[in-house]
Amino acid sequence: MKTSDVILQTMTKVISFIIVLFALHLFFAGHYHPGGGFVGGLITSGAIVLLLLAYDIKTVAKIFPFDYKILIGLGLLFAVGTGVGSLFFGVPFLTHAFGHFHLPLLGETSLHTAVLFDTGVYLVVVGVTMTIIQTIGESE
Amino acid sequence: MSSLHLAIFSPFLMAILIPFIFKLFRKLHIGWFVLILPSILFLFFLSKIPLIKDGGVLKATLNWIPSFDINFVAYLDGLGLLFTLLITGIGSLVVLYSIFYLDKNKEKLHNFYVYLLLFMGAMLGVVLSDNLIVLYTFWELTSFSSFLLIGYWNTRERSRYGAQKSMLITVFGGLSMLGGFILLSIMTGSFSIHEIMLQSNTLISNELFLPALILVLLGAFTKSAQFPFYIWLPDAMEAPTPVSAYLHSATMVKAGIYLVARLTPIFALHGAWFWIISLIGIITMCWASFNAVKQTDLKGILAFSTVSQLGLIMSLLGLGSASLHYDFLSKNIYMGAIVAAVFHLINHATFKGSLFMVAGIVDHETGTRDIRKLGGLMYVMPITFTIAVVGTLSMAGLPPFNGFLSKEMFFTSVLNVLQMNIFQMETWGILFPILAWLGSVFTFIYSILLLLKTFTGKLQEEKLDKKPHEAPLGMLFSPIVLGALVIIFGFFPNILSRNILEPAVASILPNLLQENDRFAVHIRFWHGFNLELLMTIGVVVVGILLYLTLKKWRNIYNIFPKRFTLNRFYEKGIDITEKGSYSFTRRLMNGSIRSYLIYIFIFFIGIVTFTLFKKDAIKMDTTNLAPIGIYEITLAVIIILGSITILGAKSRLTSIIALGAVGYTVSLFYILFRAPDLALTQLVIETVSTALFLLAFYHLPQLSRKEEHIGFKLTNALISIGVGLVITIVAISAHSNKMFDSIAKYYIENTHDKAGGGNLVNVILVDFRGFDTMFEISVLGIAALGIYGMIKLRLSNQKKQQRRMADENK
């Protein structure tokens with residue numbers, strides 16, 4: 001008997017975008033409101049997990065054709081790189097800088113190097129969660 | 001570097017060169033090269049006699065670790081000179097003897113001479129060091145090189161056994177001695193023997209004095225094979241005979257004697273020193289000579305004989321220490337004991353060295369050392385026989401050999417004890433002459449036994465492996481020299497007294513000397529008819545009678561049960577320690593992680609409770625508590641119910657769900673306590689981990705998936721309640737003991753201005769304390785890669801698969 005997941009798959013197509021948007025919102029809001037790289041990363045992976053549940057590992061691997069382990073390294077690079085970057089300005093390791101800039105399209109914006117660090121956290125969390133789930137899922 | 005240091009280090013340098021010389025000159029016996037060094041050293045030390053005999057000393061310092069007062073101070077005085085002459089002189093003779101004894105083609109000679117040179121250098125270091133730590137270093141080096149030499153034929157089981165035994169016992173003593181030295185330095189603030197000597201008068205009242213004395217004596221007694229530590233020496237006879245002659249009769253076993261003599265000025269004012277040394281020495285002398293008679297192996301007899309003679313010297317040193325309690329020098333009869341000790345030390349080295357070499361020759365030429373197989377060698381080996389006569393009669397204490405003189409002096413010294421009026425010697429003193437006389441009788445018996453059983457009687461050629469014949473001249477040379485010395489010292493003892501004995505005694509008893517004063521040692525060959533002579537005659541008469549009736553009383557050795565011998569004690573001791581520690585570790589380290597957790601938790605409870613009570617830290621302060629609302633109570637009840645469900649659930653699935661419930665309730669608590677970031681994270685993480693638990697549950701093997709209730713164990717319940725209680729008490733007490741305000745105020749004030757953020761938690765995580773976060777994400781990364789590695793790289797499975805494939809291919 002062939003089961004059809006058409007409802008699940010259709011819903012997933014809609015909902016996963018909402019989840020990703022929510023995750024990005026949490027991520028960017030993190031500095032002023034509850035949220036941040038950790039939770040943002042977890043919820044992003046939640047969206048991917050939903051895809052995994054609705055489709056299968058091979059399909060999802062086709063949608064995101066990259067190795068999650070590299071994501072971990074990339075995230076760590078971001079975190080360490082932010083720390084090292086501060087050394088170039090003659091301040092201690094991991095000293096952050098921020099300021100308000102006027103950007104085209106966005107207008108008056110507050111920019112903060114902590115976001116770069118948080119990006120590292122975000123990438124690591126996504127990489128870690130997906131590596132674990134994918135590895136366990138693929139194992140016999 | 002001074003000439004003294006060079007003399008000490010030269011054997012080590014030579015030992016480095018030996019393997020190269022060995023490779024270069026294959027034709028020549030390497031012993032010839034080695035022989036040069038001790039001969040030169042012997043001449044070097046001989047040339048120091050004129051300086052030393054006039055009371056001079058040679059002293060040289062080489063900095064080693066100046067910041068710890070550990071410097072290589074070489075110090076040559078009378079006592080040091082005597083020992084260096086013994087070490088280098090007998091060393092040369094032994095090397096010469098070994099050239100003929102050890103076969104160039106069959107033996108690993110380069111090893112042998114490296115070990116021997118190491119030993120020689122170490123021994124020189126022991127007797128020439130003024131610094132206690134340096135002395136200890138060389139002391140252990142003698143133990144190690146002796147270990148290597150005893151185990152020289154390392155393919156034999158008995159050699160390895162003997163080497164291990166001697167190592168264990170002497171290193172035990174060496175470490176005790178180190179403890180004694182450290183106590184000495186704590187008391188005096190110096191490692192220098194001569195500086196400590198200056199403080200010896202005040203030292204005696206120190207409470208560390210007696211422990212130091214006993215520890216140092218343990219070192220001396222184990223090294224010098226005193227009762228009850230002598231058991232290693234008979235087993236060390238598995239070494240090649242030159243080694244036995246050198247280490248186990250003339251030099252190493254006298255290191256303990258040296259130590260006692262050297263430290264006499266420091267310790268001798270205490271009665272314990274006198275008592276322990278004289279008593280142990282005399283007991284060793286009597287007991288070992290008694291046991292020597294029952295031996296059937298030539299080297300066995302000689303080993304026990306060495307122990308006995310060392311006991312004699314030791315007891316003389318002990319008796320001589322009494323002289324320090326009598327101020328006057330002119331009529332100080334107890335000083336004679338020290339002279340006798342030093343004199344006998346020299347005599348023993350000469351005759352025992354020659355006897356060992358004789359035993360080696362007999363072994364070498366007949367193939368056996370068993371006196372039951374030997375006999376009638378007198379006509380076959382006349383020269384060896386002559387040397388043996390000289391050696392054994394000197395050992396037995398008969399005139400005109402040097403052993404007679406020192407034996408007479410020994411008797412004088414033990415008789416002098418009768419006049420002693422300190423340390424309750426009036427009542428117990430009589431013990432000494434009796435034991436000394438008994439020991440001498442047995443000494444006489446085994447000496448005669450050794451001589452007659454080997455060389456007289458019928459030649460039993462059928463029992464021997466080889467056809468006996470006289471040894472080559474080269475092998476005979478060394479024992480001839482030593483035998484000649486026995487006779488020379490016997491007839492002209494006073495060539496030694498002025499040059500060697502007087503300065504040696506002066507360095508053992510420096511306190512008795514006034515300025516420009518010196519000990520007048522004069523050894524008379526004939527000292528008139530007195531009690532000593534009568535005792536000697538008695539020894540001879542009783543000894544001959546006992547020897548003739550040996551067969552009748554031999555059985556008394558069987559009365560003493562084998563179970564109570566010291567060797568059995570040693571073996572049982574080793575056995576019990578091994579088995580005990582094995583069963584201890586097996587019981588404690590049972591491999592069950594439950595037991596280890598029990599140990600950890602019990603220790604945790606014990607240590608924390610002890611500290612709480614010891615520091616009086618249990619406190620309960622209710623002033624600064626927040627009010628409890630209905631929500632908190634509800635959530636707490638839920639959590640408690642969840643926890644109880646986890647414990648009491650029959651199925652694992654229920655436990656997992658209950659655990660999830662507890663986790664979600666915790667996140668509700670976070671909401672209640674206004675921690676939105678934590679609540680968010682806790683919610684997601686709890687979901688993920690519950691999913692993982694379910695995964696683990698799903699993959700449980702069918703066999704163990706049996707649903708069963710967790711068994712109740714009282715110990716586990718008690719321990720877990722204990723841990724819970726302790727943690728609760730600690731938490732309450734910690735809350736009640738707030739000593740300063742929280743630093744949170746700083747964060748609250750500066751989050752916006754300095755860090756440009758609004759979410760305090762996140763700003764702390766990425767900015768104020770981003771360093772922690774960096775490593776936490778590293779931890780996550782490591783965990784993920786770990787899981788990936790564990791699942792993907794199933795090496796054992798791969799191997800199994802490969803094996804299966806290989807099987808199928810067959």
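Guide: Before we start, a cavity is a set of grid points where a 1.4 Å probe fits but cannot get out, and its lining residues have an atom within 4 Å of a point. Keep in mind that this is a predicted model.

Visitor: Okay, how many cavities of 30 Å³ or more are there, going by that rule?

Guide: Rolling a probe the size of a water molecule over the atoms shows where empty space is left. With the rule applied here, the cavities of 30 Å³ or more come to three.

Visitor: Which elements give two or more residues to the lining of the largest cavity?

Guide: That cavity has a volume of about 80 Å³. Its lining includes Leu298(B), Val358(B), Thr392(B) and Phe455(B). The elements giving two or more lining residues are, in chain B, helix 15 (298–320), helix 16 (335–366), helix 17 (382–396) and helix 20 (431–455).

Visitor: And how many charged residues are in the lining of the largest cavity?

Guide: Let's go class by class. Ten of the lining residues are nonpolar and two are polar. As for charged residues, the lining has none: no charged residues.

Visitor: Which helix gives the largest share of the lining of the second largest cavity?

Guide: This one has a volume of about 70 Å³, and residues from chains A and B line it, among them Phe27(A), Asp118(A) and Asn762(B). Two or more lining residues come from each of helix 1 (6–29) and helix 5 (114–138) of chain A and helix 33 (760–768) of chain B. The largest share, three residues, belongs to helix 5 of chain A.

Visitor: Now the largest pocket: which helix gives the most to its lining?

Guide: About 950 Å³ of space lies in the largest pocket. It is lined by 31 residues, and those closest to its centre are Lys294(B), Gln295(B), Phe304(B), Thr565(B) and Asn567(B). By class, the lining splits into 14 nonpolar, seven polar and ten charged residues. With four residues, the one that gives the most is helix 26 of chain B.

Visitor: Let's look at helix 2 of chain B. What does its buried side pack against?

Guide: Helix 2 covers residues 31–46 and reaches 23 Å from its first C-alpha to its last, close to the expected 22 Å. Its buried residues include Val34(B), Leu37(B), Pro38(B) and Phe44(B). In chain B, they pack against helix 1 (3–24), helix 3 (49–53), strand 2 (70–76), helix 4 (78–101) and helix 5 (109–128).

Visitor: Leu94(A) and Arg674(B) each have a positive phi. Is Leu94(A) buried or exposed?

Guide: Leu94(A) has a phi of about 65° although it isn't a glycine, and it sits in the loop between helix 4 (68–88) and strand 1 (98–103) of chain A. Its relative accessible area is 7%, and under 20% counts as buried, so Leu94(A) is buried.

Visitor: Then what about Arg674(B), buried or exposed?

Guide: Arg674(B) has a phi of about 60° and isn't a glycine either; its place is the loop between helix 29 (652–672) and helix 30 (676–698) of chain B. Its relative accessible area is 75%, and over 50% counts as exposed, so Arg674(B) is exposed.

Visitor: Last one: which residues does the cis peptide bond with omega of about 0° join?

Guide: Look at the loop between helix 10 (209–223) and helix 11 of chain B, where Pro228(B) lies. The cis bond there, with omega of about 0°, joins Phe227(B) and Pro228(B).

Key:
Residues are numbered from 1 along each chain as its sequence is written. Chains are lettered from A and ligands numbered from 1 in the order in which they are written. This is a predicted model: local features need pLDDT of at least 70, side-chain atom pairs count only at pLDDT 80 or more; totals for chains, interfaces and linings use all residues. Side-chain values use heavy atoms; hydrogens and water are left out. The expected span of a helix is 1.5 Å times one less than its number of residues. Buried means under 20% relative accessible area, exposed over 50%, partly exposed in between (1.4 Å probe, protein chains only). Contact means heavy atoms within 4.5 Å. On a 1 Å grid over the protein atoms alone, a cavity is a set of points where a 1.4 Å probe fits but cannot get out, and a pocket is an open set with protein on both sides within 12 Å along at least five of seven lines; lining residues have an atom within 4 Å of a point. Grid points are joined across faces, edges and corners, and a volume is the space filled by probe spheres set on the points. Ala, Val, Leu, Ile, Met, Phe, Trp, Tyr, Cys and Pro count as nonpolar, Asp, Glu, Lys and Arg as charged, and the others, Gly among them, as polar.
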